[in-house]
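Here is a friendly briefing to read alongside the sequence and the 3D view. Please keep both open as you go.

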Amino acid sequence: MKIAGAPISWGVCEVPGWGYQLSSDRVLTEMRQAGLTATELGPEGFLPTDTGELVELLDGYGLACVGGFVPVVLYRDDHDPAEDLAGPLESLVAAGAGVVVLAAATGLDGYDARPTLDEHQWATVLSNLDRLAGIVAERGLTAVLHPHVGTMVETRAEVDRVLSGSRIPLCLDTGHLLIGGTDPLALTREVPERIRHAHLKDVDAGLAAKVRSGEMTYTQAVAAGMYVPLGAGDVDIAGIVKALEDSGFDGWYVMEQDNILDREPEDEGPLADVLASVAFLQDAAAGVSS
């Protein structure tokens, strides 16, 4: 299994005002302490935008780059998402990544509200997804679409529109899918051929239900501990891993436990949960191979 980390597990996020942002030195050092050998890039500004500096930094920590999360506005006729993709794509190519993880951004800050699209706007989204996938493929990488709470592709019906209306493969984010109302294990079994990348999250289903009902915003639920270490929540992570492995999945498993920090941790902080998730995933992998 190819297991990678993500800076969001340490609370590093692209959303303004999300929380205290740890330094790249602490995050990358603790990734290595957790036994990880690869990472996604994290939000713009977390790592150097200069491609030479980026490669040198990752090499210094002994970390490969597997991909990066790139939110882009896809539904507007007056906006070309290829322009938003260009800078991150250059960084990912330089870092030797294999995947560009696209999200259908709303154009608003954060993930607590989103507009409703009409049929023309949906057609624009789907067309742009295929166009951006082609641009990424020309550079030797694979674009995947990340269903994500608070974006234009959140619910199962919206996931199905992408599956039927475009050719782009998916990033299977087990947490965002569950929160948005999709059973991630069922989706894995239904369309394994469309899954090329995986973000593994475990979730407190009670808090997820409050997000779906509108009782809590997404940000409030994350701050309340909606994401928990792998194996400690209500997502069948072991079942999903087995289903992917049985289908011949050869992509990366990126461990993500979205976190919001209010200060610099004086103890292990997020690392403790990452270590618990690594141990669970290693056990799950052993179960699959035995």
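In which strand is V70 found? V70 sits in strand β3, residues 64-73; helices (H or I, at least four residues) and strands (E, at least two) are DSSP runs, numbered from the N terminus. This is a predicted model, in which local features need pLDDT of at least 70 and side-chain atom pairs count only at pLDDT 80 or more, while totals for chains, interfaces and linings use all residues. Residues are numbered from 1 along each chain as its sequence is written, and side-chain values use heavy atoms, with hydrogens and water left out.

**Around V70**

- V70 is buried, with a relative accessible area of 5%; buried means under 20% relative accessible area, exposed over 50%, and partly exposed in between (1.4 Å probe, protein chains only).
- Leaving aside neighbours within four places in sequence, V70 is in contact with L85, P88, V100, V101, L102 and A103, where contact means heavy atoms within 4.5 Å.
- From V70 to E193 the separation is 123 residues in sequence and 22 Å in space, C-alpha to C-alpha.

**Salt bridges**

- Side chains of opposite charge can pair when their charged atoms come close.
- The model has 16 salt bridges, each being a side-chain nitrogen of Lys or Arg within 4 Å of a carboxyl oxygen of Asp or Glu.
- One of them joins the side chains of R26 and E30, at 2.9 Å from N to O.
- R26 and E30 both belong to helix α1 (residues 24-33), four residues apart, which is about one turn of the helix.
- Both partners, R26 and E30, are buried, and for R26 the relative accessible area is 15%.
- Not counting residues up to four places away in sequence, R26 touches E264, P265, D267 and E268.
- W10 lies 16 residues from R26 in sequence and 9.2 Å from R26 in space, C-alpha to C-alpha.
- Another salt bridge pairs the side chains of D78 and R76, at 3.0 Å from N to O.
- Of that pair, D78 is exposed, with a relative accessible area of 63%, whereas R76 is partly exposed at 34%.
- The side chains of D173 and K201 also form a salt bridge, with N to O at 2.4 Å.
- This pair links distant parts of the chain, 28 residues apart: D173 is in strand β6 (residues 170-173), and K201 is in the loop between β7 (195-200) and β8 (202-203).
- D173 is buried, at 0% relative accessibility, and K201 is buried with a relative accessible area of 1%.
- Through shared partners, salt bridges join D173, K201, E256 and D258 into one network.

**Helix packing**

- Two packed helices are described by the angle between their axes and the distance between the axes.
- Axes are lines fitted to C-alpha atoms, for helices over the stretch in contact, and angles run from 0 to 180 degrees between N-to-C directions.
- Helix α3 (residues 81-94) packs with helix α4 (residues 119-138) at an angle of about 30 degrees, their axes 11 Å apart.
- That makes α3 roughly parallel to α4, because angles under 35 degrees count as roughly parallel, over 145 as roughly antiparallel, 65 to 115 as roughly perpendicular and the rest as oblique.
- Where α3 meets α4, P81, A82, L85 and L89 of α3 touch N128, R131, L132, I135 and V136 of α4.
- The residues of this α3 and α4 contact divide into seven nonpolar, one polar and one charged; Ala, Val, Leu, Ile, Met, Phe, Trp, Tyr, Cys and Pro count as nonpolar, Asp, Glu, Lys and Arg as charged, and the others, Gly among them, as polar.
- Helix α2 (residues 51-60) packs with α3 at about 45 degrees, with axes 9 Å apart, and α2 and α3 are therefore oblique to each other.
- That contact is made by T51, L54 and V55 of α2 and E90, S91 and A94 of α3.
- By class, the contact of α2 with α3 has three nonpolar, two polar and one charged residues.
- The axes of α4 and helix α5 (residues 156-165) come within 10 Å and cross at roughly 55 degrees, so α4 and α5 are oblique to each other.
- E119, W122, L126, L129 and D130 of α4 make this contact with E158, R161, V162 and G165 of α5.
- The α4 and α5 contact has four nonpolar, one polar and four charged residues.
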